[in-house]
Amino acid sequence: RAARGGGTGMAPVRWPTRAILYGPAPIDWCEENAPMTNPLGVQELHNTWTNVGYVVAGVALALQHTESLSRLRNADKVVPLFLLFCICTVLTGVTSAWFH
């Protein structure tokens, strides 16, 4: 058993700070941060609003196809998996917008 504080070669686990979670991204690989050039004060406005498409697509797919999929022979397996896909699509849009 390794002694406390070392011996394993692994860095200690550190939880993200409030600045990391709610501040600007620590890596700037998208458009430039420009909160003063838009009325909402969002760091990367275009990368943020384009994520609305993921949210709309996930909700639209769920609403449009769930009823037709429920008529399939193996609906008990297909419908939950399809709904999980829709939820993941919506969460991709929400979390990406939060990141930007």
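Is glycine 23 buried, partly exposed or exposed? In this predicted model, glycine 23 has a relative accessibility of 30% and therefore counts as partly exposed. The residue sits in the loop that runs between helix 1 (18-22) and helix 2 (45-49).

**Overall make-up**

The chain contains 4 helices and 0 strands, and the order of elements from the N terminus is α-α-α-α. Of its 100 residues, 16% are buried. Contacts between residues at least 6 apart in sequence were also sorted by separation: 45% of them join residues at least 24 apart.

**Helix 3 against helix 4**

Helix 3 (residues 52-69) packs on helix 4 at an angle of about 170°, and the two axes are 7 Å apart. The pair is therefore roughly antiparallel, because an angle over 145 degrees is counted that way. The residues in this contact comprise 15 nonpolar, 6 polar and no charged.

On the helix 3 side, the contact is made by Tyr54, Val55, Gly58, Val59, Leu61, Ala62, His65, Thr66 and Leu69. The residues of helix 4 that meet them include Ala75, Val79, Phe82, Cys86, Thr89 and Val94.

Threonine 89 is a residue of helix 4. When residues up to four places away in sequence are not counted, threonine 89 touches Tyr54 and Gly58. Its relative accessibility is 14%, so threonine 89 counts as buried. Alanine 60 belongs to helix 3 and is partly exposed, with a relative accessible area of 38%. Between alanine 60 and cysteine 86, which are 26 residues apart in sequence, the C-alpha to C-alpha distance is 8.7 Å.

**The nonpolar core**

Which residues make up the largest nonpolar core? The set consists of Leu69, Ala75, Val79, Phe82 and Cys86, 5 residues in all. Helix 4 (residues 75-99) is the element that gives the most to this core, with 4 residues.

**The aromatic pair**

Searching the whole structure gives 1 aromatic pair. Phenylalanine 82 and phenylalanine 85 form this pair, with 6.5 Å from centre to centre and 35° between the planes, and the arrangement is tilted. The two residues are 3 residues apart in helix 4, which means that about one helical turn separates them. Phenylalanine 82 has a relative accessibility of 16% and so counts as buried, whereas phenylalanine 85, at 45%, is partly exposed.

**Accessibility of the residues discussed**

The table collects the accessibility values quoted above.

| Residue | Relative accessibility | Class |
|---|---|---|
| Glycine 23 | 30% | partly exposed |
| Alanine 60 | 38% | partly exposed |
| Phenylalanine 82 | 16% | buried |
| Phenylalanine 85 | 45% | partly exposed |
| Threonine 89 | 14% | buried |

Technical notes. Residues numbered from 1 in each chain as written. Predicted model: local features only at pLDDT ≥ 70, side-chain atom pairs only at ≥ 80, totals over all residues. Heavy atoms only, no water. Core = buried A, V, L, I, M, F, W, Y, C linked by side-chain atoms within 4.5 Å. Buried < 20%, exposed > 50% of the residue type's maximum accessible area, 1.4 Å probe, protein only. Axes fitted to C-alpha atoms, helices over the stretch in contact; angles between N-to-C directions. Parallel < 35°, antiparallel > 145°, perpendicular 65-115°, else oblique. Contact = heavy atoms within 4.5 Å. Nonpolar A, V, L, I, M, F, W, Y, C, P; charged D, E, K, R; others polar. Phe/Tyr/Trp six-rings, centres within 6.5 Å; stacked < 30°, edge-to-face > 60°.
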